[in-house]
2 protein chains.
Amino acid sequence: MASSLHPDLSTTTPEEVVDLVGAASVAAGPWAATSRADRARALGAVADALDAEADPLVGLARTETQLPAVRLRGELKRTTFQLRLFGEVLTEGSYLDVRIDHADPDWPMGAPRPDLRSRLEPLGPVVVFAASNFPFAFSVAGGDTASALAAGCPVLLKVHPGHPQLSVATGQVVTEALRAAGAPDGVFALLVGDEAGRAALVDLRVKGGAFTGSLTGGRALFDLATGRPDPVPFFGELGSVNPVFVTRTADARRAATIADGFLGSVTMGAGQFCTKPGVLLVPEGSTIPGELAAAQPPAAAPMLNDRIRDGYLATLDDLRRHADVSLLAEAENDQTADDAPGLTLLQTDVAALLADLNGMFRECFGPTGLVVTYRDDADLLALAEAIDGQLTATIQGEEGDEVVPELLRRLARRAGRVLWNAWPTGVSVTHAQSHGGPYPATTAPASTSVGTAAIGRFLRPVAYQGFPQSLLPDELTDRPRADLPRRVDGQV
Amino acid sequence: MASSLHPDLSTTTPEEVVDLVGAASVAAGPWAATSRADRARALGAVADALDAEADPLVGLARTETQLPAVRLRGELKRTTFQLRLFGEVLTEGSYLDVRIDHADPDWPMGAPRPDLRSRLEPLGPVVVFAASNFPFAFSVAGGDTASALAAGCPVLLKVHPGHPQLSVATGQVVTEALRAAGAPDGVFALLVGDEAGRAALVDLRVKGGAFTGSLTGGRALFDLATGRPDPVPFFGELGSVNPVFVTRTADARRAATIADGFLGSVTMGAGQFCTKPGVLLVPEGSTIPGELAAAQPPAAAPMLNDRIRDGYLATLDDLRRHADVSLLAEAENDQTADDAPGLTLLQTDVAALLADLNGMFRECFGPTGLVVTYRDDADLLALAEAIDGQLTATIQGEEGDEVVPELLRRLARRAGRVLWNAWPTGVSVTHAQSHGGPYPATTAPASTSVGTAAIGRFLRPVAYQGFPQSLLPDELTDRPRADLPRRVDGQV
């Protein structure tokens with residue numbers, strides 16, 4: 001491990017990209033053919049190796065991200081949990097969507113049904129672009145890597161420049177653990193430098209891409225992937241405002257609690273979460289704005305790096321200068337901690353917001369939120385209809401609220417996840433989780449990048465027609481098996 | 001029905017497109033909220049209405065497509081079967097991928113798991129571009145329409161100009177049946193004219209597209225869909241060569257049978273199937289070329305229309321002029337039937353083919369095939385590695401053939417369906433069917449446009465966090481139910 005504390009940070013050259021993609025391409029067949037049990041063991045080995053190296057990795061992460069150790073240790077735990085969870089997904093096997101249709105001469109379609117059997121198979125090598133704000137969970141060994149490797153796809157991991165040393169160190173741990181577990185050479189590699197990432201994404205041997213980051217960066221990569229002579233799937237998670245709708249009843253009953261929860265969520269991680277609640281809708285006359293203005297926000301925390309802080313301050317400045325936006329509260333910066341910006345809360349009303357959605361309803365990546373007053377339920381419904389794709393949308397309400405059913409229906413059409421009396425930050429890794437949404441939340445609305453269903457992004461169906469048992473993939477044979485859910489002649 | 005025999009064929013104006021998309025957008029909520037049972041009933045009603053109007057519809061189809069009545073009646077049967085099959089998919093419900101994770105304070109991720117429940121929900125209004133070669137099964141009421149309506153998406157159907165009267169007549173039957181079944185107004189509408197189709201596809205209220213047709217046309221629409229300010233999914237099925245690999249042993253044992261099967265498949269529907277086997281690999285010294293040259297091919301059949309015939313003859317001419325391609329057999333044109341082109345078989349060898357894949361390994365939509373001789377198994381493997389995405393790839397082999405396992409693995413990476421001692425034409429509508437493949441077979445390698453899994457193209461996951469039972473969609477509540485497969489706390 002000593003070497004990983006002084007890692008090689010040199011930019012990957014064009015020639016190296018060609019070689020690494022070539023190695024990934026060669027590894028694709030053997031890795032796809034590796035049994036699910038062996039792939040699960042390899043993911044577990046990566047998790048174990050990361051846990052064993054927790055101290056030096058967290059140490060590196062602290063120096064590069066300014067994040068506190070307790071947060072980083074928690075995130076690493078989440079990361080290794082995620083790797084092991086995808087191992088369980090492999091073992092359970094239903095992700096393969098195995099379907100077996102035996103030949104049927106009387107198939108009512110009007111022609112005999114041949115023997116047809118299908119399962120999902122890996123796309124091939126993919127490029128994963130790491131994010132800055134979760135140096136473990138959405139970076140080198142994060143959810144995209146875990147789900148792509150689980151699916152059977154080699155991964156070319158484009159390092160995020162926000163934590164390069166941690167990335168290279170993590171990459172060494174991953175590579176060594178995979179090798180020791182018997183994975184083929186080339187199944188995982190790091191790419192350093194934007195140009196290396198782009199070159200890999202347009203290499204014809206690469207079959208897909210995944211990204212978590214900014215709207216601009218993600219859209220540029222999506223355009224590259226879809227503009228190839230042979231377009232490939234690109235799963236970009238770009239950005240989200242994550243509006244919160246407080247009903248009049250909830251406001252009357254729980255204003256202080258809601259203000260408190262909003263403050264905690266909007267400042268969590270210095271506001272640098274893609275699920276940060278950026279807009280809070282409260283009824284006219286609500287005491288919530290007053291509560292927020294009077295509250296003592298959590299201590300200002302340093303942002304991930306200067307580039308992100310500068311970008312945040314520029315967008316915030318833009319919003320503050322908006323003619324219809326006024327200042328609600330401004331906490332002091334923390335002068336002791338690298339000029340960590342304090343919480344800034346802005347306010348406007350829903351009529352102004354609807355009149356300039358593009359100008360005001362936008363992601364501002366940092367410790368800020370826009371509090372919007374509305375007059376009546378129709379305002380809430382109008383805004384829910386007007387907004388574009390979101391990762392999350394939240395209702396703070398009461399069960400009898402008349403507006404809620406229709407508001408919920410509208411928000412479910414806009415967001416990948418809807419929440420009730422909860423806060424969107426903190427994305428649990430579970431079976432039912434959905435972290436996605438229509439554009440611009442993602443470039444692929446039918447997918448999630450968190451939770452066990454994330455593996456589906458890296459798979460495609462292949463049907464086998466008329467093959468003898470001896471030539472079929474193991475999962476598709478008639479051999480009775482209790483260990484794998486299958487749909488046989490239409491019945492699960 | 002009388003009126004549908006003199007349908008309105010006028011081009012949809014830009015203003016009409018705006019109105020139709022608007023109506024589809026208004027219908028999206030109510031149609032998504034329509035129960036699965038009611039949507040299944042509506043699909044069944046459409047199938048019943050089409051069956052009831054079979055005579056006039058087949059009559060119209062005959063005048064516009066030159067296809068024989070028996071084929072058209074079979075295709076209509078397949079079409080109504082497909083509509084009813086998607087009704088069964090709705091009733092069975094597993095397509096919803098319901099996942100319920102109860103709150104778990106001890107979730108090993110390191111943070112408590114909230115109550116999270118997810119299911120797949122419809123994308124919203126979609127534009128479906130009809131194909132020319134299946135005037136029923138891939139047209140107005142075809143597989144894309146059936147699966148999108150089943151998913152809960154309103155459909156704007158761009159009419160194929162190859163059979164406009166049939167399209168408008170079919171559209172009337174569909175619209176009236178849906179209305180009578182209680183579906184919301186606007187859930188289905190026809191668009192006439194290329195510009196109308198394009199305008200709808202880039203309308204921000206449209207959330208996806210599906211297409212079956214040419215590489216050029218499909219790619220242009222894919223570029224439109226992905227180039228929108230807010231890109232949307234586009235499922236284009238563009239084209240395929242569908243190579244057939246005959247092993248040396250199979251050639252030695254069954255040359256005559258294979259030649260016969262190939263002739264039947266390559267001339268079926270006058271070669272106008274996207275799964276037509278366009279390239280046949282045979283070992284040097286095979287008697288198959290001789291059998292093919294000597295055989296009496298089926299009578300030449302008229303092509304769908306003059307545009308397709310002219311396109312076919314131009315591509316064929318191009319291939320025939322290729323320096324490394326020679327003529328193997330040329331049947332006479334049928335001068336009595338609108339100059340129906342006879343079967344033309346060309347030949348080359350694998351070295352020449354590999355030297356100019358772009359020039360020779362290409363779809364030629366009509367009654368022609370390229371017979372390619374190879375020297376050894378390595379040639380087969382090299383070609384399987386070199387080709388691009390295919391809808392199908394076929395092995396004619398024997399179980400003990402040494403080359404088969406590796407050949408199969410390579411072909412499965414290139415094609416959506418692999419076949420063994422069968423012919424790719426005739427795509428059965430079943431649970432396990434996969435009609436798709438990497439580009440250029442499709443623009444969406446992770447999907448199928450035929451079979452029950454086709455519904456998945458029009459769905460996206462939505463997670464509900466922390467909602468009380470009274471506000472959850474019915475399928476996500478804790479109410480015990482035997483009628484719907486669900487994954488609860490990770491267990492199906």
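**Notes on a predicted two-chain model**

1. Let's start with one residue in chain B. Leaving aside its neighbours within four places in sequence, T477(B) touches I100(B), R117(B), Q469(B), L472(B) and R486(B). Keep in mind throughout that this is a predicted model.

2. Where does T477(B) sit? You'll find T477(B) in the loop between β15 (459-465) and β16 (487-488) of chain B. Is T477(B) buried or exposed? Its relative accessibility is 9%, and buried means under 20%, so T477(B) counts as buried.

3. Two of those contacts, I100(B) and R117(B), also belong together: R117(B), in β2(B), is the bridge partner of I100(B). Their surroundings are β1(B) and β2(B), which pair in the antiparallel sense over three bridges.

4. An open sheet with mixed pairing is built from 11 strands, running β10(A)-β11(A)-β12(A)-β9(A)-β8(A)-β13(A)-β14(A)-β15(B)-β2(B)-β1(B)-β16(B).

5. What about the interface as a whole? Chain B and chain A bury about 6300 Å² between them, with 61% of it on carbon and sulfur atoms. On the chain B side, M109(B), H431(B) and R460(B) lose the most area to chain A, together 11% of what that side buries. Each chain brings 78 residues to the contact.

6. For the polar side of the interface, the rule finds 42 residue pairs in polar contact across it, both residues being at pLDDT 80 or more. The side of chain B that touches chain A draws at least two residues from each of several elements, including α1 (14-33), α4 (69-92), β2 (116-122) and β15. The largest share, seven residues, comes from β15(B).

7. How many salt bridges cross the interface of chain B and chain A? The rule finds two.

8. Finally, a look elsewhere in chain A. A right-handed β-α-β unit is made by β4(A), helix α6 (residues 164-180) and β5(A). Strand β4 (residues 155-158) pairs with β5(A) in the parallel sense over four bridges, and L156(A) stands opposite A189(A). From β5 (residues 188-191), F188(A) and L190(A) point one way, A189(A) and L191(A) the other, and all are buried.

Definitions and conventions
Residues numbered from 1 in each chain as written. Chains lettered and ligands numbered in written order. Predicted model: local features only at pLDDT ≥ 70, side-chain atom pairs only at ≥ 80, totals over all residues. Heavy atoms only, no water. Buried < 20%, exposed > 50% of the residue type's maximum accessible area, 1.4 Å probe, protein only. Pairing = 2+ DSSP bridges. Right-handed = clockwise from strand over helix to strand, strands pointing away. Contact = heavy atoms within 4.5 Å. Buried area = accessible area lost by both parts, 1.4 Å probe. Salt bridge = Lys/Arg side-chain N within 4 Å of Asp/Glu carboxyl O. Polar contact = N/O pair within 3.5 Å; in protein donor to acceptor, adjacent residues only side chain to side chain.
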